[in-house]
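Colleague: I have not worked with this structure before. Please take me through how to read its features, one at a time.

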Amino acid sequence: MQADSPDSPDCLSCGACCRTGHDGRILVPPEDLARWRELGRADLAEAVQAGHFGCVAFATRMDGACVHLGTEECANACQIYEIRGTTCRDFEAGSPQCLEFRRDFGVD
Ligand code: SF4
Ligand code: SF4
């Protein structure tokens, strides 16, 4: 989900929490859909899928990773990092949950 804060792990080389989106777990609030449309990125708003709690969520690949994960330079970087979702921004890099994701995906 690739949050950022000083002294936190480098999200753009990690991407562990972006690989946990199976079954619509990485939710996308309505304000993100509106923001992307205002930015001329309606394609992002249209690419979501049904998520938990009656919300929408980032669509995922067959392996469960968010469809926006992976650039030409790095398979673990978010393609839309500057305009990524609120859920992604709010997820705290360096938090216990972040470190658990990193352990699960063998990042550390
Ligand atoms: S939009 Fe980017 S930061 Fe958010 S889950 Fe997808 S790949 Fe990760
Ligand atoms: S698991 Fe932590 S370090 Fe890795 S991308 Fe997510 S928030 Fe960033």
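Modeller: Start with contacts: two residues are in contact if their C-beta atoms, placed from the backbone, lie within 7 Å. Leaving aside neighbours within four places in sequence, Gln49 is in contact with Gly24, Val56, Ala57 and Ala59.

Colleague: What kind of model is this, and how are residues and chains labelled?

Modeller: This is a predicted model, in which local features need pLDDT of at least 70 and side-chain atom pairs count only at pLDDT 80 or more, while totals for chains, interfaces and linings use all residues. Residues are numbered from 1 along each chain as its sequence is written, and chains are lettered from A and ligands numbered from 1 in the order in which they are written.

Colleague: Which helices and strands does the chain have, and in what order do they run?

Modeller: Helices (H or I, at least four residues) and strands (E, at least two) are DSSP runs, numbered from the N terminus. Here the chain has four helices and three strands. From the N terminus on, they follow the order β-α-α-β-β-α-α.

Colleague: How do I read the sheet, and in what order do its three strands stand?

Modeller: Strands of a sheet pair through backbone hydrogen bonds, either parallel or antiparallel. Two strands count as paired if DSSP finds at least two bridges between them. In this model the three strands form an open sheet with the order 1-3-2 and antiparallel pairing. Strand 1 (27-28) and strand 2 (48-50) stand at the edges with a single partner strand each, so one side of each has no neighbour in the sheet. Strand 1 and strand 3 run antiparallel and are joined by two bridges. Val28 stands opposite Val56 in strand 3.

Colleague: Is Trp36 buried or exposed?

Modeller: Trp36 is buried, with 21 other C-beta atoms within 10 Å. Trp36 lies in helix 1 (residues 30-38). Beyond its neighbours within four places in sequence, Trp36 is in contact with Arg41, Ala42, Leu44, Ala45 and Ile83. Over the chain, 30% of the 108 residues count as buried.

Colleague: How do I read a nonpolar core, and which residues touch the most other members of the largest one?

Modeller: A nonpolar core is a set of buried Ala, Val, Leu, Ile, Met, Phe, Trp, Tyr and Cys residues joined through C-beta atoms within 7 Å. The largest one here has 20 residues, of which Cys17, Cys18, Phe58 and Cys66 touch the most other members. Strand 3 (56-58) and helix 4 (96-104) each supply at least two residues of this core. Cys17 is in contact with Met1, Phe91, Cys98 and Phe101, leaving aside its neighbours within four places in sequence.

Colleague: Which residues come nearest to ligand 2?

Modeller: A residue is near a molecule if its C-beta atom, placed from the backbone, lies within 6 Å of it. There are 14 residues around ligand 2, and Pro9, Cys11, Cys14, Cys17 and Cys98 come nearest.

Colleague: And what is the overall extent of the chain?

Modeller: Its C-alpha atoms fill a box of roughly 35 × 25 × 25 Å, taken along the principal axes. Of the contacts between residues at least 6 apart in sequence, 68% join residues at least 24 apart.

Notes:
Buried ≥ 20, exposed ≤ 12 C-beta atoms within 10 Å, placed from the backbone.
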